[in-house]
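Here is a short note for a colleague who is opening this model for the first time.

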Amino acid sequence: MEELIEILTNLHPDVDFETCDTLVDDKILDSFDIVTIISEVAEAFDVTISAKYILPKNFNSARALYDLIQKLEDEE
Amino acid sequence: MLFTSYEFLGFLLLLFVCYYTVPKKFQWMLLLLFSYVFYFLANPYYLIYISVTTVSVYYLGFKIEEQAEKQKAYLAAHKGTLGKEEKKAYKERVKKRQTGLFLAALILNLGILAVLKYTNFVIANVNGMLHAFGSGHTIVFVDLLLPMGISFYTFQAVGYLIDVYRGTVPAEKNLFRFALFVSFFPQLVQGPISRFHDLSQTLYEEHEFAWSRFSMGLQRILWGYFKKLVIADRMLIGVNEIIRNPDDYTGAYVFAGMMFYALELYADFTGGIDITIGTAQCLGIRVTENFNRPYFSKSIKEYWRRWHITMGTWFTDYIFYPISISGPMLKISKVSRKYLGNCIGKRVPVYLSSFAVWLATGIWHGASWNFIVWGLGNWAVIMISQELEPLYRRFHAHFHVEDKIGFRIFQIVRTVLLMSCLRTFDCYRDVPLTFRMFGTMFTARNWNILWDGSLLGLGLQLTDYLVLLAGTVLIFAVSMLQRSGSVREKIEAKPYPVRFAVWYGLFLIVLLMGVYGIGYDASQFIYNQF
């Protein structure tokens with residue numbers, strides 16, 4: 001989780017990713033950010049997030065994204 | 001049949017009567033019948049193309065899901081007996097079959113769109129190259145029928161296909177229900193590009209007549225007619241005069257034309273969408289909103305989140321994401337990070353994918369270099385502003401102007417001007433002429449035409465300008481009121497005399513101030529040609 005928070009914080013230093021759960025709904029993350037996150041996650045966790053998982057519910061909070069990564073890790 | 005024709009109003013009246021008279025379980029079938037009649041009346045041959053798209057996407061989508069169901073059943077039947085590797089190999093085989101079906105449907109439907117829309121564009125460019133190389137050969141242009149709204153219904157069908165392939169929506173089992181999704185007539189002309197998951201929620205439901213919903217729909221239709229007939233079609237007269245006579249109208253006239261076109265396009269496109277959504281609302285069907293007060297955007301990126309929303313999200317979900325997170329693109333990202341550094345390297349996939357998206361957006365808008373340059377112009381502006389983001393952050397940290405009303409107005413005006421500049425490519429007949437006309441604005445010495453009465457020579461009288469001014473103020477006021485919710489609901493809460501005065505007044509304005517006249521034919525919606 002710490003590694004993910006670091007990736008997100010590098011992208012938006014001014015956002016508290018530990019608590020924020022409206023990252024997409026409040027337009028804090030846009031499509032460019034999401035692609036950058038997926039690319040960084042692939043690098044750091046060796047997990048591929050495919051397009052079908054790009055849904056607001058999976059990117060609205062660091063916790064939701066982390067859960068998705070874990071789910072994909074288990075599947076792989 | 002134009003939305004602005006008397007035939008359309010008669011068509012709607014007949015539909016509404018039948019829709020709320022037939023047994024409710026037949027309502028969606030009636031809608032399908034009316035949608036096909038609507039398309040048939042436009043041109044009987046159009047039905048061939050929309051039927052091919054409907055049947056092919058329906059059948060192949062169905063087969064794709066069948067593969068997924070077979071896989072599920074097979075894995076359940078062999079639970080505990082298959083090893084991890086065997087399971088993986090089986091899943092890969094199924095995925096391969098699904099991909100084959102998916103690609104067949106994709107190539108067929110995008111192929112039809114490409115051939116019908118772009119053949120003559122390709123021929124024109126090949127002829128241009130032959131001429132440049134001194135060859136006397138020319139290829140003859142072909143006379144192809146371009147079905148109305150083909151880009152809209154093809155994209156809608158392809159979006160459904162991708163969703164089924166991804167497994168995010170179940171395939172529709174009933175061909176006729178699917179045919180209605182593709183051909184639903186109010187959005188056939190100029191969108192919005194609906195998603196199956198959204199539209200299907202209310203499209204097939206049984207709808208009881210409810211006066212409050214029906215009247216809300218009628219009010220929205222009326223507001224759409226106001227924008228189209230009173231504003232857009234009036235403004236069109238001035239725009240056409242300027243852009244069709246480029247030698248006569250240079251410099252400040254180009255600027256005036258640019259701003260006139262910004263108003264015309266907004267009133268035309270949003271007016272058409274109001275008629276679409278209002279018609280659907282009268283039928284009890286919810287269609288996705290396509291605009292969110294776009295001229296209040298503070299950046300081009302934001303503008304594209306608020307203008308033609310369904311097209312933007314379509315390109316993002318079905319082109320931008322799949323390209324930017326594809327295996328090859330992640331490899332490019334890795335290599336570029338290695339050689340260009342982490343900071344620049346990680347942005348490479350975003351920039352390359354955005355390039356593809358904006359190229360596709362330009363091509364989608366029309367078969368001409370104007371639209372391609374327009375698309376890539378948008379891409380360049382967005383990328384530049386993306387690169388300047390750290391600079392903006394430093395600027396705001398230093399000057400604290402972000403929340404100042406004056407600065408926000410500056411950002412809004414800047415965005416409108418930038419978008420208007422890019423849209424000049426919509427207007428003039430070719431790219432070199434557009435650049436030439438754009439350039440004349442910077443060498444112009446005729447800015448006095450903006451106030452010395454010269455604009456009255458564009459086919460518009462003083463009364464026309466007064467109507468346009470009043471109409472623009474009204475649209476602006478409504479947009480401001482929309483910030484706190486639906487304006488129609490606010491009016492609904494007023495006493496009856498106020499409501500009557502508002503809607504009857506608007507009706508009279510459309511009737512008396514719409515651009516009609518003997519022999520006048522309301523113009524086609526701009527987005528109809530897509």
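1. Basis. This is a predicted model, in which local features need pLDDT of at least 70 and side-chain atom pairs count only at pLDDT 80 or more, while totals for chains, interfaces and linings use all residues. Residues are numbered from 1 along each chain as its sequence is written, and chains are lettered from A and ligands numbered from 1 in the order in which they are written.

2. Helices α3 and α5 of chain B. Two packed helices are described by the angle between their axes and the distance between the axes. Here the axes of α3(B), residues 46-77, and α5(B) come within 9 Å and cross at roughly 5 degrees. The axes are lines fitted to C-alpha atoms, for helices over the stretch in contact, with angles from 0 to 180 degrees between N-to-C directions. The two helices are therefore roughly parallel to each other; angles under 35 degrees count as roughly parallel, over 145 as roughly antiparallel, 65 to 115 as roughly perpendicular and the rest as oblique. Helices are DSSP runs (H or I, at least four residues), as are strands (E, at least two), numbered from the N terminus.

3. Residues between these helices. On the α3(B) side the contact includes Y49(B), I50(B) and V57(B), and on the α5(B) side it includes I150(B), Y153(B) and L161(B). Contact means that the C-beta atoms, placed from the backbone, lie within 7 Å. By class, there are 11 nonpolar, three polar and one charged residues. Ala, Val, Leu, Ile, Met, Phe, Trp, Tyr, Cys and Pro count as nonpolar, Asp, Glu, Lys and Arg as charged, and the others, Gly among them, as polar.

4. Helix α7 of chain B. In α7(B), residues 196-203, the buried residues are F196(B), L199(B) and L203(B). A residue is buried with 20 or more other C-beta atoms within 10 Å of its own, exposed with 12 or fewer, and partly exposed in between. Seen down the axis of α7(B), its buried residues fall within an arc of 80 degrees, so they line one face of the helix; the arc is that of the directions from the helix axis to the C-beta atoms. These residues pack against α2 (27-42), α5 and α6 (175-183) of chain B. In the loop between α6 and α7 of chain B is P192(B), and the peptide bond from G191(B) to P192(B) is cis.

5. Domains of chain B. An automatic or database domain assignment divides chain B into domain 1 (6-209) and domain 2 (296-450). Their C-alpha centres lie 30 Å apart. In the contact, 12 residues of domain 1 meet seven residues of domain 2. On the domain 1 side, the elements giving two or more residues are α4 (84-132) and α5 (150-166) of chain B.

6. Chains A and B. The contact takes 12 residues from chain A and 16 residues from chain B. The chain A side has seven nonpolar, three polar and two charged residues. F32(A), in helix α2 (residues 31-45) of chain A, touches V350(B) and Q386(B). F32(A) counts as buried, with 22 C-beta neighbours inside 10 Å.

7. Backbone points to check. K27(A), not a glycine, has a positive phi of about 60 degrees and counts as exposed, with 10 C-beta neighbours inside 10 Å. R293(B), also not a glycine, has a positive phi of about 45 degrees and is partly exposed, with 15 other C-beta atoms within 10 Å.

Conventions:
Two residues are in contact if their C-beta atoms, placed from the backbone, lie within 7 Å. Lists of a residue's contacts leave out its neighbours within four places in sequence.
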